[in-house]
Amino acid sequence: MMTYEDKYDVIVVGAGHAGCEAALAAARMGCRALLLTINLDAIALMSCNPAIGGLAKGHLVKEIDALGGEMAKNIDATGIQFRVLNTRKGPAVRASRAQADKQLYRLRMKRVLEQQDNLYLKQAEVTALYFESNQLRGVDTRSGIRFIGKTIIVTTGTFMRGLIHIGLNNYPGGRAGDLPSIGLSDQLREFGFEVGRLKTGTPARLDSRSIDFSKLEVQYGDDPPVPFSFSTSKITMPQVPCHIAYTNPHSHDIIRSGLDRSPLYAGIIEGIGPRYCPSIEDKVVRFPDKDRHQTFIEPEGLETVEVYPSGMSTSLPIDIQIAFYRSIEGLERVEIMRPAYAIEYDYVDPIQLHASLETKRVKNLYHAGQINGTSGYEEAAAQGLIAGINAALRVQEREPLVLLRSDAYIGVMIDDLVTLGTKEPYRMFTSRAEYRLLLREDNADQRLREIGHSVGLVGDDQYDLYLQKHAAILQERSRLSVTRLSMNGREIDWLAKKGLNDLQKGTSFEQLLKRPELSYEDLIEFDDVSRETSSVVRDQVEIQIKYQGYIDRQLEQIVRSSKLEHTRIPSEIDYNTLNGMTTEVREKLSKIRPGTLGQASRIPGVTPAAISVLSIALKAHIGIKGEEQQ
């Protein structure tokens, strides 16, 4: 094994969405970073749906951007349809989604990585971690080169012992067209990591020239499109529509006829699939009374005829796939360009991680993305960003960054993973966040820009713009609280038009905005300053004023729980010596080894009484430590 001459601070294994964010974060924070991938031409490849964002996932992308990550900028530069979902609902659950030009997305991210100072890209398959004297020192590759690094981030996606299924046929692969990663998961098992098996899948890619779009329902994006990144002023890419189609009872009969050759139902697939994104055969079996299932026919790019039928993933044999897709109205003569398939892969139970995403068993080893049991580009990218930040902070001998559940959806996701683990692909939902009114898309910069700047990912120019925006919001809120109706002619005319005869002279503009039937647009009709206020500031101020009571209530909840969240549990504590706990609770705490009382309180089966016992034990432990130091 040849040892490469250069040494690195951070080595990232895998160049999917997690690996890209991890490598960029480490390099931008001043570390010498190496990114290793099996195929340099597949960097940031969208192997499933060519889209970014969606319900709760859009929140993650905004948070990545606020912290200084790249995903939001990349989709803004390559997106071909943008939509804000749930616009008729409250601001907490509104979410951004954008269709990407699949190849442009990949190529731009590769270019960003190549041009990043301190970052080096190499094509190599990592087969093992390298240790010296039981200390992690680097990685070994199939080509016989050993790379030495201070910290290692593993972001292998679906590649670890990947196995592709199409009907009863299966073959090794990280995804269609790529080789799997062999050896790494076996080594992790040898180190005592609990390694499991998961499954995901993707629909066929169809030739749009063989589809009769006149029979489908057209779906346009927002006009004008709203960017993801707080740094993007305008979307300049051409925008294209998607189309909606539906299965029918005949489609479902075809699917049922092939279940005996489905690896999912023949018992060939061992891995557990995503509950919230099931295959079409799973939908048909689980919901037999449903006459149809919806699919969005989405373009894969501006310069290709390939389209993606979302929600139609399957591992059925190819003859059933052809008949099934052609049973859909408008797709009667459709041609499949790439068949649908399912893929099984190894993952490492994330319960074995600290909240920094460093593994508990091996110091300086971090896991991010699907290796942690998550599904989705956005979940992976968010983990990659945090792992990259924390690996760099470790090199710089600084404290790790741990986002709390009250800080960000990223904090909710990581806490769920490291506290509860997962036995199925984890997907982010707004319902997972108990403080979701505070964790909105629109205020991600207000919550996280300061942190991004403090770790070194948000530059001074971007940070100054944020500070100006923040000051403008505070100034406008103050103005609205002291500016009052004077009952001049314009105001009287406006009140009469709105039928607001109950309003009195001296009513503040803030009180006006608190009324559910009024909005900032109403203020613009009679107040010149409101008309000149930027839309970004107007939106923030209106949300804060209208939901102030609910926001204050959630802030109070956070204050009440903060003591638990900030009370750290020493890693050396022996739970078996604590009296007043059941054996089951001791076993769970010993296995998971939570980092704080807050994490311990969220472990299923750990009762409030057990938390009280643990809290008393920690006070005694601190007292003993203090006496030892004296």
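Start by selecting Ile 52, which sits in strand 3 (residues 51–53); helices (H or I, at least four residues) and strands (E, at least two) are DSSP runs, numbered from the N terminus. Before going further, know that this is a predicted model, where local features need pLDDT of at least 70, side-chain atom pairs count only at pLDDT 80 or more, and totals for chains, interfaces and linings use all residues. Residues are numbered from 1 along each chain as its sequence is written, and side-chain values use heavy atoms, with hydrogens and water left out.

Is Ile 52 buried or exposed? Its relative accessibility is 0%, so Ile 52 counts as buried (buried means under 20% relative accessible area, exposed over 50%, partly exposed in between, with a 1.4 Å probe and protein chains only). Now show what Ile 52 touches: leaving aside neighbours within four places in sequence, its contacts include Met 46, Val 61, Tyr 105 and Phe 228. Contact here means heavy atoms within 4.5 Å.

Next, select Tyr 105, Ile 153, Ile 389 and Ile 410. These have the most contacts inside the largest nonpolar core, which has 72 residues. Such a core is a set of buried Ala, Val, Leu, Ile, Met, Phe, Trp, Tyr and Cys residues joined through side-chain atoms within 4.5 Å. Zoom in on Ile 389: beyond its neighbours within four places in sequence, it is in contact with Ala 25, Met 29, Leu 401, Val 455 and Leu 457. Another core, of 23 residues, lies apart from the largest one, and Ala 124, Val 139, Val 362 and Ile 371 are among its members.

Six strands form an open one in the order 14-15-16-17-13-18, with antiparallel pairing; two strands pair if DSSP finds at least two bridges between them. Strand 14 (217–219) and strand 18 (336–338) are at the edges, each with a single partner strand, so one side of each has no neighbour in the sheet. Select strand 15 (residues 242–246), which pairs with strand 14 over three bridges. There, Val 218 stands opposite His 243.

Last stop: select Gln 81, Arg 83, Arg 97, Ala 98 and Gln 99. What do they line? They line the largest cavity. Strand 5 (95–100) and strand 4 (79–85) each give two or more residues to this lining, and strand 5 gives the most, with three.

How values were computed
1 Å grid on protein atoms, 1.4 Å probe; cavity = no way out; pocket = protein on both sides within 12 Å on 5 of 7 lines; lining within 4 Å.
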